[in-house]
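Let's take a walk through this protein together.

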Amino acid sequence: MKKQTNDELVFLPLGGSNEIGMNFNLYGFGPADDRKWIVVDLGVTFGDQTTPGVEIILPDPEYIVPYADDILGIVLTHAHEDHLGAVAWLWPQLKAPVYATPFTAFLLREKLRDANLLDEVEIIEVPLSGSFDLGPFHLEMVTLTHSIPEPNGLAIKTPLGTVLHTGDWKIDPDPQLGAATDVDALRRLGDEGVLAMVCDSTNVFVEGESGSEADVRVELNKLIGSLTGKIAVACFASNVARMDTVIRAAQAAGRKVCLAGRSMHRMAAAARSVGLLEGLDPFVTDDQAKHMPENEILYLCTGSQGEARAALARIAEGNHPHVKLSSGDHVVFSSRVIPGNEIPIRNLQNKLADRGVRLHTERDTPGIHVSGHPCRDELKQMYQWARPQIAVPTHGERRHLLEHAAFAKDLQVPHAVSPRNGDMVRLAPGHPEIIDEVPAGRLYVDGGVVTPENGEALRERRHAAFNGVLAVSIVLDGRNKIVSGPQVRGLGLAGDEEYPLDEALDDLAEEAEEAFKRLSGDDREIDETIENAISRAVKKAAFRIWERKPVVETTVLRL
């Protein structure tokens with residue numbers, strides 16, 4: 001007779017569900033009051049116009065930090081920033097050993113070295129297709145294909161069933177670098193029985209297949225071989241197969257390759273550490289490239305998404321120290337537009353076009369890029385191999401997850417659950433269901449400091465960005481009489497011919513003076529009382545003028 005236990009197997013996303021990026025997934029096993037946990041991926045997302053001054057956004061580990069002693073390990077599926085970029089920021093709160101395959105481990109060490117954590121974090125390298133045990137979890141790496149070397153699915157085996165956590169993937173029969181999808185391993189898992197599949201939803205709305213890197217190689221060879229003048233190719237540095245393709249296409253066209261951008265150099269080093277990018281001509285240095293004939297050089301650049309400090313942005317601005325492009329030169333965008341980056345990419349491309357540079361994108365030159373995520377035919381194939389009892393869509397916005405769940409049901413998967421970040425899903429025993437909701441927020445890296453999502457500094461910055469700033473100064477003598485001012489200066493506020501800004505600021509200065517005059521003698525002794533009264537009056541008057549509520553900073557100076 002089987003012993004009765006209170007063990008449960010739960011899945012808890014704290015990032016990456018209801019959004020694309022910032023993946024942070026937890027699996028728990030055991031009774032509710034004594035669970036052991038593993039973390040699968042710990043990534044970042046990036047700021048946009050709604051987070052001025054913030055470039056990096058982290059998942060908030062608030063829920064799991066009190067249980068840090070029960071975290072058995074952090075397992076990384078691959079080396080994209082949205083899967084490992086938060087390790088160096090959050091590891092000091094979690095303090096668990098990290099498991100990764102060699103390429104991912106190389107890049108993680110670089111990040112930890114930059115954060116002065118390399119000697120503190122225990123990194124266990126797992127060979128491709130390797131396996132290891134973490135308490136009640138037996139984990140097996142399953143080789144998949146994606147847009148970076150060594151992408152792994154995870155078969156997470158427990159006494160209550162097996163979960164296939166896909167990470168990011170596609171089905172590429174000819175990935176150019178690395179092994180193809182391990183179909184035999186996936187079929188074997190399906191034959192043994194998969195309780196649940198936690199699966200990438202990025203391209204669930206896209207019919208057909210994502211395409212192969214082999215097809216991209218053909219198209220880029222044709223394109224690069226047909227161009228004259230200097231060529232710059234922008235792609236994701238992490239797509240080492242694409243780097244390899246561009247380099248070989250350049251060599252076939254009689255061109256040397258110069259890497260432009262720190263990420264390109266870092267990824268090339270990581271690739272060579274695991275035996276990739278072998279048999280290629282050496283890269284030329286910046287100085288060497290400057291002296292080469294225009295038809296004999298190709299720059300492999302970072303910045304395909306319009307990133308302000310990347311190599312391609314500096315080239316477009318004309319302030320790159322080594323690379324100059326002009327009329328007759330070419331820029332090839334072997335990449336897709338990530339949603340949210342449309343404006344910076346368009347601005348970048350307009351600046352390049354203004355210099356006379358000819359642009360080549362996937363829209364006008366089909367086949368020079370393919371996605372790294374599965375389209376519907378590939379999802380269907382994965383479900384046929386794994387045959388899970390439960391579909392758990394992840395890595396997508398809400399609409400992606402709901403569509404994925406409906407698609408899985410159409411494929412005869414018995415159960416589907418579409419959790420949001422913070423939804424704890426019980427996978428076993430019994431029917432799958434959301435059994436709890438836990439905190440799942442965001443942390444902002446602001447000037448190198450980790451702050452809460454709704455911290456005061458960012459609130460003030462947003463307010464100033466949308467409403468402007470007014471600075472008021474007033475000088476008083478020893479008898480609390482006005483010696484100078486009030487003087488009002490404005491930032492980010494408009495004027496026109498009928499009501500110039502200078503005139504508006506003079507009117508605000510009068511409002512500030514009237515506010516001071518209304519104060520009693522005792523109130524004029526207290527700087528804070530004066531500052532608050534003037535700020536309120538100026539803010540109220542500013543709203544009448546601009547229908548905005550600018551940030552108002554008032555300073556009292558005394559002689």
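We'll start with a sheet, then turn to the helices. Keep in mind that this is a predicted model.

As a bit of background, strands of a sheet pair through backbone hydrogen bonds, and they can do that in a parallel or an antiparallel way. Here, four strands make an open sheet, lined up as E4-E5-E23-E24, with antiparallel pairing. On the edges sit strand E4 (45-46) and strand E24 (449-452), each of which pairs on one side only. Now look at strand E5 (residues 54-59) and strand E23 (residues 442-446): five bridges join this antiparallel pair.

Helix H2 (residues 87-94) lies across E5, E23 and E24, and runs at about 35 degrees to E5. Helix H13 (residues 456-467) lies across E5 and E23, running at about 75 degrees to E23.

What about a helix meeting another helix? Two packed helices are described by the angle between their axes and the distance between those axes. Take helix H11 (residues 376-386) and helix H12 (residues 398-410): their axes come within 11 Å and cross at roughly 50 degrees. That angle is why H11 counts as oblique to H12. The crossing of H11 past H12 is right-handed. On the H11 side, Arg 376, Leu 379, Lys 380 and Tyr 383 make the contact, while H12 brings Glu 403, His 404, Phe 407 and Ala 408. Sorted by class, that contact has four nonpolar residues, one polar and three charged.

Key: Residues numbered from 1 in each chain as written. Predicted model: local features only at pLDDT ≥ 70, side-chain atom pairs only at ≥ 80, totals over all residues. Heavy atoms only, no water. Axes fitted to C-alpha atoms, helices over the stretch in contact; angles between N-to-C directions. Helix = DSSP H or I, 4+ residues; strand = E, 2+ residues; numbered from the N terminus. Parallel < 35°, antiparallel > 145°, perpendicular 65-115°, else oblique. Left-handed = near helix turned anticlockwise from the far one by under 90°. Contact = heavy atoms within 4.5 Å. Nonpolar A, V, L, I, M, F, W, Y, C, P; charged D, E, K, R; others polar. Pairing = 2+ DSSP bridges.
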